[in-house]
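Q: I am new to this structure; could you guide me through a few of its features, one after another?

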Amino acid sequence: MLAIKKQALGSASRILLRANVLSGLAVRASRSYSKLYKSSDEAIEGIKSGDTLLIGGFGLCGIPENLLKAIARRKDIQQITAVSNNAGTSDYGLGTLLQSRQIKRMISSYVGENKEFSRQYLGGELEVELLPQGTIAERVRSGGAGIPAFYTLTGVGTQVETGGIPIKYGKNGEVLISSTPRETKVFNGRKYLMEEGITGDYALVKAWKGDELGNLVFKYAASNFNAPMATAGKITIAEVEEIVPVGELKPNEIHIPGIHVHRIIKGETYEKRIEKLTLRRSADEENELPESMKQRIHIIKRAAREFKDGMYVNLGIGMPVLASNYIDPQITVHLQSENGILGMGPFPTPNEVDADLVNAGKESVTVLPGGTCFSSDVSFGMIRGNRLDMTILGGMQVSSRGDLSNWMVPRKMVKGMGGAMDLVAAPKSRVVVTMTHTAKDGSPKILKENTLPLTGVQCVDRIITDKCVFDVVPNKGLLLRELSYGQTVDSIKASTGCDFEVASDVAETF
């Protein structure tokens, strides 16, 4: 027995000695080996014309603003292919590289309100490959994970599947380059599209904290596209607000392990602009809003009645996101924002504003107790995986069979599909569309057939307008369920571009 104890003590001593030696080596290694660069200009050395750059951020939230400024200073870097959810604003973020004409092609999901982005695209000065937001996130994640391709429901039945989305216009508006059709395959009776993984020559990302080994921590919703982009660059360059000593970041705090990061800098300066600073309104302030905004609130207050206790719900950009302010206080609804928030709260007060907390519309928001933040690829995994009970989206057109259009007016207006195609493709999620009943010129937006490019096929379950509520009944068409105060069945017929049935108990309800 004594011999066994001596043997055990000897083994323990050797293990402790080995651990101490390894610990000492680790400390020496961290002191002698560093991925830390002195400046943004030094960190981007090696980037050249024609490179593909993966650029993290969402709107202006979490963008690598110092690295982008450094590239803007290098006028010799031209013909860039930039993979980014969007392109910032006309005068900041990635938009500055559009202004300096350093970008040849954008691979994005959303043009949004960036007028310079839209102008260059429609004017034939810029190639733009528009993809669903979740598809970009998963293509980048797959590329970083060494997965060459995957299948998805997103885009089935749209031009994403059939091809023909304009990539490059001519000076006279003719399409010079368009997207190609996707390979399809049927699984369990449903058609899926094949999408290929995306990698880049360089990935430019921004984090809150990092250490000299390249370990990164993000703050709130600034994880967004930064996390998947960080894994998919041949060389990943990270800028952070704070460099901390090796070992200060606890292993379970680190979001991106240093193995993915090749260079790291402390950003020289940070503006951290908020694209749409939006504050909570009081009831008195709502009464002073213009009529167009009051109309939107009228629609969204009716939409808020769709919430049920315990639901997980995604709110689309624009009108739908207003619904977060009108949830019945007696119920709990978990709001998901596709840029990486679950448990999203209402717009903030001035004291609650944080540049790292924005919703899918780039508006400032809050997170409720128990809420969580995560990356865009994780967010769309929730969406594709049917974790949401309902999504509320805006619309340009809806057909009598539930086809939705909400992302483009060819040659005139391009918003991009954003996350809408992913949201409506989830087969078990209820889809509610909120929109004005007619366009500004009085023409109907509810039609027998859509005339605009489709977002999804037979995907809409309910339509809520300023005039009424329609249900889309599979294989039958529209059923008029409710009327807004002052509306009649005849007034709805006069402003609707297709036939519909009338529920026996239809009444004025909102």
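Q: In which strand is Ser108 found?

A: This is a predicted model, in which local features need pLDDT of at least 70 and side-chain atom pairs count only at pLDDT 80 or more, while totals for chains, interfaces and linings use all residues. Residues are numbered from 1 along each chain as its sequence is written, and side-chain values use heavy atoms, leaving out hydrogens and water. Strands are DSSP runs of E with at least two residues, and helices are runs of H or I with at least four, numbered from the N terminus; Ser108 belongs to strand E3 (residues 103-108).

Q: Is Ser108 buried or exposed?

A: Buried means under 20% relative accessible area, exposed over 50%, and partly exposed in between, with a 1.4 Å probe and protein chains only. Ser108, at 0% relative accessibility, counts as buried.

Q: Which residues of helix H11 are buried?

A: In H11 (residues 376-384) they are Ser376, Asp377, Ser379, Phe380 and Ile383. These residues cover an arc of only 155° around the axis, taken from the directions from the helix axis to the C-beta atoms, so they lie on the same side of H11.

Q: How many disulfides are there?

A: A disulfide is a covalent bond between the sulfur atoms of two cysteines. Counted as pairs of cysteine sulfur atoms within 2.5 Å, disulfides come to zero here. Cys459 is in no disulfide, as the nearest cysteine sulfur, that of Cys498, is 15 Å away.
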